[in-house]
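Here is a model to go through by question and answer. Each reply sets a value against its cut-off.

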Amino acid sequence: MHCVVGSGPSGIACAQALLDKGLEVRMLDAGLKLEAPRAQAVEQLGASAPAGWDPKLVAMLKGELAAGPGGLPQKLSFGSDFPYRDGEKLLNCTFDGVGLRPSLAQGGLSNVWGAAMLPYLDADLDGWPIKNGELAGHYAAVLKMTGVAARRDDLAAMFPLYTDEPGELELSRQARTLLGNMDRNKTALRESGIHHGVSRVAVKARRSPRDTGCVYCGMCMHGCPYGYIYNSAATLRELERNPRFTYQPDAIVTSLVENDEAVTIHSRNRLTGGEQTTVASRVYLAAGVIPTTKLLLESRRDFDRTLWMKDSQYFLIPLLFARRTRGVRQEALHTLSQLFLEILDPAVSPHTVHLQIYTYSNLIYDAVRHALRRFKMSFNFLTSSLEERLVVAQGFLHSDDSSKIAVTLRQSPDVRLELKAEINPRARATVRKVTGKLMRNAWRLGAAPVLPMVHVAEPGRSYHGGGTLPMRQEPGPFESDTLGRPHGWRRVHAVDATILPGIPATTITLSVMANAHRIGWESASLT
Ligand SMILES: Cc1cc2nc3c(=O)[nH]c(=O)nc-3n(C[C@H](O)[C@H](O)[C@H](O)COP(=O)(O)OP(=O)(O)OC[C@H]3O[C@@H](n4cnc5c(N)ncnc54)[C@H](O)[C@@H]3O)c2cc1C
């Protein structure tokens with residue numbers, strides 16, 4: 001039996017590959033779920049059209065936005081913080097200036113993710129022992145699981161779609177205006193190193209009037225009541241129909257012991273505290289970078305050794321349109337990323353800088369309000385006159401341009417994982433260059449950056465982090481081989497972001513899933 005730890009995107013992708021190879025798979029998972037009253041409310045909304053929704057239920061599922069680490073609002077799932085709950089406490093982690101948190105949820109962070117998906121460019125994979133050639137088939141396999149809404153536009157020449165059947169979402173009016181401006185000025189933008197296209201998001205779009213798919217209810221930032229935004233918990237339910245697959249929830253894996261034939265997995269029941277052991281011929285760790293790193297360090301009692309977590313640093317650049325788009329609050333739209341901008345300009349960075357354009361949504365405006373407060377500007381002013389002119393670019397940098405996070409397992413007074421940010425001044429400098437480039441191209445975009453509102457988030461806040469035990473062709477201590485096996489382990493594979501040698505800016509999850517699928521597929525024949 002092969003054991004996968006975690007039901008987030010990487011665990012599900014790996015389990016699918018192992019099952020497709022004919023193996024028996026058991027998934028151990030901490031498995032927290034949405035509270036029953038909220039789950040019932042989601043079911044109620046999902047059973048009817050938005051026009052018939054009870055406003056009280058909608059308000060409950062939108063929830064109160066809690067300020068997360070660093071002041072930006074923490075994105076919730078149907079008003080619940082269950083995707084982040086208990087992780088710090090049960091795994092015993094401490095954070096100093098770090099925005100990333102572990103998830104103990106069924107489906108992991110795919111309960112809250114933004115579903116943006118763009119593959120990596122080979123040029124951004126320096127230091128990697130594998131390139132896109134090895135990942136291509138696995139990108140395609142993963143996209144069959146997640147589905148994707150995308151267009152065959154100019155971005156496809158650089159970033160292959162890896163699917164012949166993308167769905168197509170309607171753009172919001174603000175996005176159509178921006179796209180029209182950029183299309184008209186495409187040549188000049190290209191010369192300036194700005195490549196643009198429609199966002200690729202793991203969302204089910206209608207293919208015909210009779211098909212099911214996105215209804216543009218604007219709830220995306222709170223959770224899709226219809227389940228049209230990909231969540232790996234949905235694939236878990238499909239895997240559970242396979243007789244070779246078993247799922248064990250409420251299991252917190254605490255340590256691993258390997259011998260020549262098998263791995264013994266020690267776990268603790270999340271609810272009762274009861275201890276359990278499971279024996280597997282191979283183990284695939286997909287618990288997310290923080291839990292996986294802790295588990296590996298703790299299993300070998302590697303105390304006081306600092307590993308470096310790489311981060312794709314996150315920033316916000318609000319953009320103000322010259323022209324208003326009236327009535328954005330009433331518009332039927334989706335509120336995930338609408339457009340992608342890729343900046344490929346060595347004067348800005350040796351690597352791709354990735355921007356996601358978000359048009360009107362209440363959550364984005366709450367994030368902007370936090371930024372405005374710093375400048376003591378009134379939120380009423382923003383809501384009354386800015387929202388019809390404002391869109392937000394969420395940006396990501398390559399990890400080489402970003403700050404990093406020191407990760408150390410301490411033994412006393414109790415065993416805990418310490419995470420501490422180390423600031424790289426290059427991050428702010430690169431964001432300044434990106435902002436300057438957008439400013440110089442403002443008339444081509446029809447919108448200009450609002451300089452005082454540019455915000456660089458704390459390290460980890462992108463949730464695009466990993467690389468504590470990077471894959472290498474010839475791994476040394478605290479590195480992994482190309483099948484994700486950390487130095488010294490033969491039957492234990494890390495398959496999540498823990499093993500990425502660097503973090504390119506162009507969204508992490510699609511590539512993590514493809515790599516996890518690759519490792520499951522390629523290791524299945526090992527004895
Ligand atoms: C607000 C937000 C927005 C995001 N938007 C995007 C986006 O648009 N595009 C993108 O590419 N990425 C995005 N991400 C990142 C994305 O969610 C993660 O990359 C992805 O979820 C990682 O998948 P994973 O399976 O490796 O880990 P996780 O999703 O963290 O799943 C970990 C799994 O392991 C289980 N687990 C953890 N510890 C243990 C343990 N000790 N024992 C047993 N089980 C355990 C958990 O229960 C869970 O099932 C976003 C993240 C956040 C928070």
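Q: What makes S6 stand out in the shell around the ligand?
A: S6 gives the largest share of that shell, three residues. Strands here are DSSP runs of E with at least two residues, helices are runs of H or I with at least four, and both are numbered from the N terminus. This is a predicted model: local features need pLDDT of at least 70, side-chain atom pairs count only at pLDDT 80 or more, and totals for chains, interfaces and linings use all residues. Residues are numbered from 1 along each chain as its sequence is written, and side-chain values use heavy atoms, with hydrogens and water left out.

Q: How many residues surround the ligand, and which are the closest?
A: The ligand is surrounded by 35 residues. Ser10, Asp29, Ala105, Leu109 and Thr509 are the closest. A residue is near a molecule or strand if one of its heavy atoms lies within 4 Å of it.

Q: What is the make-up of the shell around the ligand by class?
A: The shell has 19 nonpolar, 13 polar and three charged residues. Ala, Val, Leu, Ile, Met, Phe, Trp, Tyr, Cys and Pro count as nonpolar; Asp, Glu, Lys and Arg count as charged; the others, Gly among them, are polar.

Q: How much of the ligand does the protein cover?
A: On its own, the ligand has 1000 Å² of accessible area, and the protein covers 93% of that. Accessible areas come from the Shrake-Rupley method with a 1.4 Å probe; for residues, only the protein chains shown count as cover.

Q: Why is Thr506 called buried?
A: Buried means under 20% relative accessible area, exposed over 50%, and partly exposed in between (1.4 Å probe, protein chains only). Thr506 has 1%, so it is buried. Thr506 sits in the loop between strand S20 (492-494) and helix H15 (509-523).

Q: What does Thr506 touch?
A: Contact means heavy atoms within 4.5 Å. Leaving out residues up to four places away in sequence, the partners of Thr506 include Phe159, Glu342 and His354. The Thr506 side chain also reaches the backbone oxygen of Pro119 at 3.1 Å.

Q: Why does Ser399 count as buried?
A: Its relative accessibility is 8%, so Ser399 is buried. Ser399 lies in the loop between strand S14 (390-396) and strand S15 (404-410). A polar atom of the Ser399 side chain is 2.8 Å from the backbone nitrogen of Ile503.

Q: How do you know that S11 pairs with S14?
A: Two strands pair if DSSP finds at least two bridges between them. Seven bridges join S11 to S14, and the two run antiparallel. Leu316 has Gln394 of S14 as its bridge partner.

Q: Which other strands pair with S11?
A: Strand S18 (residues 455-456) pairs with S11 over two bridges, antiparallel. Leu319 stands opposite Pro449 in S17.

Q: What makes S11 mostly covered?
A: Seven of the eight residues in strand S11 (residues 314-321) are buried.

Q: Why is Tyr216 called buried?
A: Its relative accessible area is 18%, so Tyr216 is buried. Asp250 has 17% and is therefore buried as well.

Q: Which peptide bond is cis?
A: The bond from Ser412 to Pro413 is cis, with omega near 5°. Pro413 is in the loop between S15 and strand S16 (416-422).

Q: Why is Ser337 called buried?
A: Ser337 has a relative accessible area of 1%, so it is buried. Its side chain joins that of Ser199 in a polar contact of 2.6 Å.

Notes. A polar contact is a pair of N or O atoms within 3.5 Å; within protein, one must be able to donate a hydrogen and the other to accept it, and residues adjacent in sequence count only if both atoms are side-chain atoms.
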